[in-house]
Amino acid sequence: MSRRVWIFDLDDTLHNASAHIFPVMNQAMTRYIMQSLDMEEAAAHQLRQHYWRIYGATLKGLMRHHGVDPHHFLAETHAFLTDDMVQTTKQLRQLLQRLPGRKCIFTNAPRAYAMRVLNVLGIADCFSLVFSVESSRFHAKPSVRGFQLLLRQLQCRAADCTMFEDSLPALMTAKRLGMRTVWISRRLHRPNFVQYRLSHVLALTHSPLKKAAHAFPC
């Protein structure tokens, strides 16, 4: 059995969340901030974006600076999801099944949301672990602490892991820890901490990385 561990982000990595999910999710988070902090829409929108830029997750800023209950926030801001909002791709399951080694999800989303998306995509059973924001004890990516908790649960070394992400700050942390990094993006410029860039996760089928996977020592 290969020692290789494939770590996948979920939204905008395994499926296109920007098309239908993120716009609604962002509105839900803005409304939550308006109601919880008694703010006007423009100010709440600005605060949401500010915390996302600073911490990589709006929730972390709300917890740190406003004492927001994370479970309540996640339940309220992810309740909108319907199956038809998830864009499915048949080839994705085949790709995952052909990868040697363990596969896991590492997401800043709550577990209930992640499992629903994975079930709609038809790939939930491809992963030995779904490591959600609750699993990270709300140390959302790109926090080093969240990565450390993931590695502890996987009982593996960072050097055994390849991480697929659309977020550059998360990939920077992954690289710093010693993981192989794959950026899912259509942007052409590749930062030096990104080892591979794929326009879409399905492009892995034709990538040199796929060949390297099968040559990884047991």
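**Pockets**

My model is a predicted one, where local features need pLDDT of at least 70 and side-chain atom pairs count only at pLDDT 80 or more, while totals for chains, interfaces and linings use all residues. Residues are numbered from 1 along each chain as its sequence is written, and side-chain values use heavy atoms, with hydrogens and water left out.

I noted what a pocket is here: on a 1 Å grid over the protein atoms alone, an open set of points where a 1.4 Å probe fits, with protein on both sides within 12 Å along at least five of seven lines; lining residues have an atom within 4 Å of a point. The volume is the space filled by probe spheres set on the points, which are joined across faces, edges and corners.

I sorted the lining of the largest pocket by class and got 20 nonpolar, 10 polar and 10 charged residues. Nonpolar means Ala, Val, Leu, Ile, Met, Phe, Trp, Tyr, Cys and Pro; charged means Asp, Glu, Lys and Arg; the others, Gly among them, are polar.

Next I checked the second largest pocket, which holds about 270 Å³ of space. It is lined by 14 residues, and D12, H15, N16, S199 and H200 lie nearest its centre. Its lining has two nonpolar, nine polar and three charged residues.

**A helix pair**

I then looked at helix α1 (residues 17–37) and helix α3 (residues 58–66), whose axes come within 12 Å and cross at roughly 10°. That makes α1 roughly parallel to α3 (angles under 35 degrees count as roughly parallel). Axes are lines fitted to C-alpha atoms, for helices over the stretch in contact, and angles run from 0 to 180 degrees between N-to-C directions.

The contact (heavy atoms within 4.5 Å) is made by M29, I33 and L37 of α1 and T58, L62 and H66 of α3.

**Loop residues**

I went to the loop between β3 (129–131) and α7 (144–154), where S143 sits. Is S143 buried or exposed? At 15% relative accessibility, S143 counts as buried (buried is under 20% relative accessible area, exposed over 50%, partly exposed in between, with a 1.4 Å probe and protein chains only). S143 touches K60 and T173, not counting residues up to four places away in sequence.

P142 lies in the loop between β3 and α7, and the peptide bond from K141 to P142 is cis, with omega near 15°. R137 is found in the loop between β3 and α7 as well; phi of R137 is near 60°, a positive value in a residue other than glycine. R137 is exposed, at 52%.

I also stopped at D38, in the loop between α1 and α2. D38 has a positive phi of about 55° although it is not a glycine, and at 71% relative accessibility it counts as exposed.

Technical notes
Helices (H or I, at least four residues) and strands (E, at least two) are DSSP runs, numbered from the N terminus. Angles under 35 degrees count as roughly parallel, over 145 as roughly antiparallel, 65 to 115 as roughly perpendicular and the rest as oblique.
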